[in-house]
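Dear colleague,

Please find below the structure that I am handing over to you. My notes on its strands and helices follow it.

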Amino acid sequence: MMNLEDFTEVSCIMRPFPVALQTAVHVPLLCRFKKAAYLCVLENTLLSLDINTLSMSLSLAVSISVMGVLSSFKPASIGVSSNNLISSHLGRSSMIAMSDMQYDLAAPTYDWLEGREFRRSTMLQYGVSQRSQQLRIIFFTSSSLISLLLPYLSTELFASAPFTALGLAGCAVSALAFGAAGWSEKKTRGKVLVRMERELRLGELSIWQPYSAIGGDSKRALSDLRGKRRVVALCGEPSKLLAALQSAAVYRRRLAQSGIVLVGVLADGCTDDFVASAYSSAARAAEGEGWLWQPTDLVAWRVYFTELLSGSGCMIADGAWLALSLQGRSCASGVGSPTWDELLGTKFPPLGPLSRSEPAAKARGNAEMRILAAQRKLYAALSSANAEGVVALCLSKDDAEVTQLQQAGRLDGWETVLKGSATIDLTVSSQDVTVDPNQRKAFTTALEFPKDSKGNSLLSTQLWVLSEGEGMPPEWLLAQHRTIPYTEDIEAAACLRCDHRGCTALQRDPRVASGPAGMPGDGKA
């Protein structure tokens, strides 16, 4: 059995300090000796009434109790159980009978700790899913108060000698430390509540699918799409939405593979009829393909984005977007338009396995045929590690994005990039092409399956520019090549950007890439 002597050295050092600080020191030491420590505390408390031993026994008891309580809860997260508990109340003002009265979960309730109102459903979801955080706030706050009052309580209750300067300093330090920890948890609590409130409000907003043969005219709340669809909502004036739709159209096949629908929220106040007409035309084409849906209550969506952008210095007309996971959780957002391949690779990987044999899209016109032929030449050079062949297909002009990344990293030439066997016998499938309306540039995408990749795939995107040299026929040349991992249930951690000079790699910051977007218990993002 572990005896109290095992803690003698630590206890002697910590004896001038308050119980709360001793608790913080003892908790890690007890993680592997919980049962023995319980018996140790009981034995020494009963056999000795010495104030120092009693103080240390009390510290050990509090440490073990706190450790036991906190270990009984999972880390703070919003899991399926809490979402399922609340989901039946989202999208409507739910009324449930309690005794002889009606209880409105959508009604506001004042939270004194945050100094503002939240919905009752928000507080209920927080209480269910964030139990460990609530305990941490209570523990740190009470420990700070105990540390602050301990010199007075010790003198009044135990008639002990006044604390020495070292003891008072220890009490002050521990009070500040526990107070800071409690304040940090309180700030985190506020952010969690605000996020939950926004997600619940967002779940009430509804959309509808134009040109759908199966109930397309009926509205569907976002909460009803949980587990079925991922959603990316875009807002802005027509020129912003037009640019966002044009960049999204490049990845229309990937949107289907990842189960994504887009929602276009048009800001009011547009005076350019030409741009508005161009956006309407692009929107109708996207709606016809099934990946663009429309809001049923445009005013409500505008109000939501306006409140979301408040304090950021951006207006809804400037353009903004947010992405929702399969579980209806906000997993990404930003101003402007998303970088689609990065969003697909990091947050929205495909929902199922991808095929090595999926055929290329059929070319629509001579331009698309020539571009797809140029893409086949590119992959023929890559799969044979022919660096000169790759460079011969490239535009000689430096790509601006690659140049910018080179300044913060390293640019490896094509000889170095293809030196290994990573691209040897590379399999390519699902090729497609999108030609810009001005017919001067085009985009192609494809799925890459490296040899011995065990089914893992990459999403590649190529930017082609129509080059017309003097005395030379027009030719589509490669301006930029980019790849990112794109595999079911895998979150991409790096990607490549290449031009005629070679490639530079981008790695996600581990401090930002803290885990999958779905959060623990949520399943797929």
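In which sense, parallel or antiparallel, do strand 12 and strand 13 pair, and over how many bridges? Please bear in mind that this is a predicted model. Strand 13 spans residues 441-449, and its pairing with strand 12 is antiparallel, over 7 bridges. Within this pair, Ser429 stands opposite Leu447 of strand 13. The hairpin that the two strands form has 5 residues between them, and Gln439 there adopts a positive phi near 65 degrees. Strand 12 itself, residues 427-435, is mostly covered, with 7 of its 9 residues buried.

Seven strands make it up, in the order 6-5-9-8-7-10-11, and the pairing is mixed. Strand 6 (220-221) and strand 11 (330-335) are its edge strands, each pairing on one side only. In general, the strands of a sheet pair through backbone hydrogen bonds, in either a parallel or an antiparallel manner.

Helix 11 (residues 273-289) lies across strand 8 (260-266) and strand 9 (292-295), and runs at about 115 degrees to strand 9.

With kind regards

How values were computed: Residues are numbered from 1 along each chain as its sequence is written. This is a predicted model: local features need pLDDT of at least 70, side-chain atom pairs count only at pLDDT 80 or more; totals for chains, interfaces and linings use all residues. Side-chain values use heavy atoms; hydrogens and water are left out. Buried means under 20% relative accessible area, exposed over 50%, partly exposed in between (1.4 Å probe, protein chains only). Helices (H or I, at least four residues) and strands (E, at least two) are DSSP runs, numbered from the N terminus. Two strands pair if DSSP finds at least two bridges between them. Contact means heavy atoms within 4.5 Å. Axes are lines fitted to C-alpha atoms, for helices over the stretch in contact, and angles run from 0 to 180 degrees between N-to-C directions.
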